[in-house]
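Hi everyone, thanks for making time this morning. I'd like to walk you through one model, moving from a couple of loops to the core and then to a cavity. Have a look at it first.

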Amino acid sequence: GTMNYYLTDEDEETEKAYVQTTYSIAKFSVDVADIISEPEDLQGVSGDDRLLLYNNGNEVALVIDFKAYTSDFSGGLYEYASIKYVDKTGEEVTSFSVNADGGRYYVVLELTDSGNFAWSTDDEYDIITDATVKIWFRITESQYEINISMDGWTYGDDAIAPAISGLTEDNVGEDITGTATFEYTISGTKANNDKIEDITGSVVGYDEFIAAVRANAPKDAGSYTLSVTVVAANYADSTAECTFDIAKKTVNVSISVTDGASYVYGTFEGAVITDVVGSVEKDGYDSISDADFKVLYKTVSGDAESDQYSVNVGNYVVSVVLENQNNYQLESDEGYPTSVGYSITRKPIAITINDSSVSYGDELPTYTLEGNVTVPENSFEYDDGIASIGLPTAFVSDYTQGADKGTYHIYLNGYKNDSDTAVIELANYTVAVERGVLTVGARGITVSFDV
């Protein structure tokens, strides 16, 4: 404004003189930072951090309070301003947006006495135009945490549904289970250590997510990881993962050899699989048969296992193993042993040393197994013969040359006794040898007389 003033003396008769001067009264500056009352969810008041959290569908806006100036101006500064709400497009709205869509929103304050008051701000995004100021803020996404779990199952069974915790209204603030997008990935390694190609998907709705995971879950036994990201408007993406296992299917087998079985030499023909219990018979799954198993043999003493069984006398163990199957495991169960012991015993046979005769004074004849022993038909197994089973090849007798005529006996060397039969334990046979009879007859002589 302008002020005029006069200089006078005490003599009123003296002509008056005056001096005119001017001065300015600046507008009162109202700082934006002073009138923002920080709500509980306000993360900052300047720079790019003036963020309000999404409030689960409720209106959110900056709280404007002029209490910083009430001590200077009776009645409060708000008498000089009005508040308007403007969205990010600049359009004035009566109800402020509740969504966290990433744009800037403004509270617009307009001074009714712009002659004496002016706005000021240090924030580059606040906009001052004459008597108005646009005070910006954003609505940022609300955050929440989820957890996911998924129990494992056995090969051939239906996949078990995963479960996500943390989607309740108490945790999120509103029900998003029907509108959120569930992006999932299943990765992992089969039981044979082969990695699977990642299984991915994206569906809207929690129930749809459960159905999709169950439908697309891997079938093969192995260890896997399920990762899910829940994407919902106005909320920050929330990610969780869990692991689950698909166990191998347990199968049992029956074999033709029972534990403790005994077989006579020549009768054991090996073990075979007689029944397989537990094979999965469903489309898309591998079934299993006796062709997937291998029968192995070893001696009780611990020789290395072999798929060829021995026919010789001894104590053995026969075992069944599962070959080249990633989705099955063989286990012993009552009535379904995977390993049993059995034995092969000596075959009993009886042979007879053939009777023979000599004349008094003769030497003991020469005997051979092939020429002087009678063996019943079907006594030997495989390619065995009288000369190959381990019998002594020499013969002995209680007759000596020059012995009186009479009856004597023939024995296999080493088995001379006073009995009609000698029992010989060989590797694979128990041989009862009946001694032979040697008859020594009178020697005929010719007598001639000289006449």
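Let's start in a loop: Asn193 sits between strand E16 (181-190) and strand E17 (199-204). Helices and strands here are DSSP runs, H or I of at least four residues for helices and E of at least two for strands, numbered from the N terminus. Before going further, the ground rules: this is a predicted model, where local features need pLDDT of at least 70 and side-chain atom pairs count only at pLDDT 80 or more, while totals for chains, interfaces and linings use all residues. Residues are numbered from 1 along each chain as its sequence is written, and side-chain values use heavy atoms, with hydrogens and water left out.

Back to Asn193, then. Its phi is near 75°, a positive value in a residue other than glycine. As a reminder, most residues other than glycine have a negative phi. Is Asn193 buried or exposed? It counts as exposed, because its relative accessibility is 65%, and exposed means over 50%, buried under 20%, and partly exposed in between, with a 1.4 Å probe and protein chains only. The loop between E16 and E17 also holds Glu197, which is exposed at a relative accessible area of 71%. From Glu197 to Pro218 there are 21 residues along the chain, and their C-alpha atoms are separated by 10.0 Å.

Another positive phi turns up at Asp130, near 55°, again in a residue other than glycine. Asp130 belongs to the loop between strand E11 (127-129) and strand E12 (132-140), and with a relative accessible area of 75% it is exposed.

Now let's zoom out. The chain has 4 helices and 34 strands. Of its 451 residues, 36% count as buried. The accessible surface comes to about 25700 Å², and 42% of that belongs to carbon and sulfur atoms; these areas come from the Shrake-Rupley method with a 1.4 Å probe, and for residues only the protein chains shown count as cover. Among contacts in the chain with a separation of 6 or more, 62% join residues 24 or more positions apart, where contact means heavy atoms within 4.5 Å.

What about the inside? The largest nonpolar core has 101 residues, and those with the most contacts inside it are Phe209, Tyr342, Leu391 and Val431. Helix H3 (residues 206-216) gives this core its largest share, 5 residues. A nonpolar core, by the way, is a set of buried Ala, Val, Leu, Ile, Met, Phe, Trp, Tyr and Cys residues joined through side-chain atoms within 4.5 Å. Setting aside residues up to four places away in sequence, Phe209 touches Ile148, Pro162, Ile164, Phe182, Tyr184, Val203 and Val228.

Val358 is in strand E28 (residues 356-359) and is buried, at 10% relative accessible area. Beyond four places in sequence, its contacts include Glu363, Tyr399 and Leu438. Ala442 lies in the segment after strand E34 (436-441) and counts as exposed at 55% relative accessibility. Val358 and Ala442 are 84 residues apart in sequence, yet 8.8 Å apart in space, C-alpha to C-alpha. For Ala442 and Ser359, 83 residues apart along the chain, the C-alpha separation is 5.7 Å. Leaving aside neighbours within four places, Ala442 is in contact with Ser359, Tyr360 and Lys405.

Finally, the cavity. How many cavities of 30 Å³ or more does the structure hold? There is 1, and about 50 Å³ of space lies in the largest cavity.

Points are joined across faces, edges and corners, and the volume is the space filled by probe spheres set on them.

The lining includes Ile353, Tyr411, Asn417 and Arg435. Strand E31 (406-412) and strand E32 (421-425) each supply at least two lining residues. The lining divides into 6 nonpolar, 3 polar and 2 charged residues, with Ala, Val, Leu, Ile, Met, Phe, Trp, Tyr, Cys and Pro as nonpolar, Asp, Glu, Lys and Arg as charged, and the others, Gly among them, as polar.

Let me finish on Arg435, in the loop between strand E33 (429-434) and E34. Arg435 is buried, with a relative accessible area of 14%. Its C-alpha is 5.3 Å from that of Tyr411, 24 residues away along the chain. Not counting residues up to four places away, Arg435 touches several others, including Ile353, His409 and Asp420. Thanks, and over to you!

Notes. On a 1 Å grid over the protein atoms alone, a cavity is a set of points where a 1.4 Å probe fits but cannot get out, and a pocket is an open set with protein on both sides within 12 Å along at least five of seven lines; lining residues have an atom within 4 Å of a point.
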